[in-house]
Structures are given as structure tokens and as C-alpha cells.
Amino acid sequence: MPMREQVKEQVKAARRARREEQILDTAVQLFAEHGYSDTDTQLLAEKLHVGKGTIYRYFASKRELFLAAADRVMRSLRQCVDASIEDIEEPFERIAVAIRAYLTFFAEHPEFVELLMQERAQFKDRKKPTYFEHREVNVQRWRALYQSLIVAGRIRDVPVERILNTISNLMYGTMCTNYFTGQRHSVETQARDILDIVFYGILSDSERQLRAASKVDL
């Protein structure tokens, strides 16, 4: 393909990508505000000042549009967390900063939480919601990090899946609780509480020694 044609194709692809992002951006807001059932693609078209047919050139149905919007939320979360830990090498600091970035992301965008909640309510036919599809992919790097900390003797030798599931559930639960009951505490306080309990537990040193001596199993 001649260079001139290549440039044209690149410009065209970039324009399409920008338009798709605009559609998804506006769709997230409308779905969060009106709910899936009450969001009309005509309203979306009007918000974007385009014809309704333009929407369907990018997304074949409202369902496809909604799921693409949910997917975009999770991709944005990954980008946010990645950017926050990009220059951090120390493992425990990476974990701490990632947790804060996660909680901040959803605290600043409650509409994203609403979208994820709607998906679980509206699309019960899906075997796995978007949130958990992305979690399975994103968790791989954290699995490797925790395994390396176990090998280095920096954390207890417990199944990595237990660590991953516990921390993930604490973060997800905090995100959901904040959405349904309001942000009662700052992100910094919530992140600090999660990290304190996960890193140090709730038992005193003397209680740990007592339980170890009596071989009491949790």
C-alpha cells in the first residue's frame, strides 16, 4: 500500500477510535443515570449530535454497547492502577499504591460502580460479569508477585490464591459498600485499614506466640 494510502488509513482508524471513545464515554453516563432499560440509543445520539445510525455502525445493539462500556470501565481501571505503580519497585509499596489507586478510581467515578452493578442485574445469562473477567486477567501479575514474596520469606507460605482472594474481596467489598452506603471514610483511611489488617493481622505478638505454642489452628 502506498505511503499516502497508509496515512489515510491511519487517520481514519484514529478518527474511528476517537468517535468510539466518545460514544462509550457518553453511554456510561446515560446508563448510570437512567439505567439500562430506560436508556434509549436515540438519546445517546442526540447527546453526541449524531444520527442514530452512527451509533449502530459502531455497536450493533444496545446490549453490545452496554457491555463495551463496562469493558471500557475495567480497561480504564487497569490503566489507572498501572500508571500509579509504574515506577515503584518495592513489592509492598506496589501493593499499597495499587489498592489506593483502585479505591480512588471508583470513589471518583461512582457511575462506573453503577454500571457494573447494572450488568450483574441485567445480564444474568452471562457466565461471568465483566469485572471478574478482567480480574482473572489482571490477577496474574499479582499472583507472581506474592509467590516471589513467599519464596523470599517475606510473607508466610500460604496458598497464593487465599491471599489474592482475600485482598480482592476486601477491595471489591469496600468499593460496593462505599457506593451503597456512601463514602464514610477517606480513601486513604480505607486503604490504610485494609493494608494494616492484611499485613499485620489483628492478633498481638503475645497472642500469636500463645496460639503457636498451643498449636491452635485457625
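Which residue follows H1, and is its phi positive or negative? Gly 35 follows H1, and its phi is positive, near 85 degrees.

## Basis of the model

This is a predicted model, in which local features need pLDDT of at least 70, side-chain atom pairs count only at pLDDT 80 or more, and totals for chains, interfaces and linings use all residues. Residues are numbered from 1 along each chain as its sequence is written, and side-chain values use heavy atoms, with hydrogens and water left out.

## Overall fold

The protein chain has 10 helices and 0 strands. Helices (H or I, at least four residues) and strands (E, at least two) are DSSP runs, numbered from the N terminus. Read along the sequence, the pattern is α-α-α-α-α-α-α-α-α-α.

The C-alpha trace spans about 75 × 45 × 30 Å along its principal axes. The radius of gyration of the protein chain is 22 Å, whereas a compact globule of 218 residues would have one near 17 Å. That radius is taken over C-alpha atoms, and the globule rule is 2.2 Å times the number of residues to the power 0.38.

## Surface and contacts

Buried residues make up 39% of the 218 residues. Buried means under 20% relative accessible area, exposed means over 50%, and partly exposed lies in between (1.4 Å probe, protein chains only). The accessible surface of the protein chain comes to about 13400 Å². Carbon and sulfur atoms hold 52% of that surface. Areas come from the Shrake-Rupley method with a 1.4 Å probe; for residues, only the protein chains shown count as cover.

Contact means heavy atoms within 4.5 Å. Take the contacts between residues at least 6 apart in sequence: 64% of them join residues at least 24 apart.

## Helix H1

H1 covers residues 3–34, which is 32 residues. From its first C-alpha to its last it reaches 46 Å, close to the 46 Å expected at 1.5 Å a residue. The expected span is 1.5 Å times one less than the number of residues.

The buried residues of H1 are Ile 23, Leu 24, Thr 26, Ala 27, Val 28, Leu 30 and Phe 31. They pack against four helices: H2 (41–48), H3 (52–58), H4 (62–85) and H6 (110–122).

A salt bridge is a side-chain nitrogen of Lys or Arg within 4 Å of a carboxyl oxygen of Asp or Glu. The count comes to 15 salt bridges. One of them joins the side chains of Asp 25 and Arg 72, at 3.1 Å from N to O. Asp 25 lies in helix H1 and Arg 72 in helix H4, so the pair ties together parts that are 47 residues apart in sequence.

The two ends differ in cover. Asp 25 is partly exposed, at 40% relative accessibility. Arg 72 is buried, at 13%.

## Two further salt bridges

Arg 154 pairs with Glu 90, and their closest N and O atoms are 2.9 Å apart. This pair links distant parts of the chain, 64 residues apart. Arg 154 sits in the loop between helix H7 (130–151) and helix H8 (160–181), and Glu 90 in the loop between H4 and helix H5 (91–108). Arg 154 is partly exposed at 43% relative accessibility. Glu 90 is partly exposed at 30%.

Lys 128 and Glu 136 also meet through their side chains in a salt bridge, at 2.4 Å from N to O. Lys 128 is partly exposed, with a relative accessible area of 31%. Glu 136 is partly exposed, with 42%. Elsewhere, salt bridges that share partners join Glu 21, Asp 25 and Arg 72 into one network.
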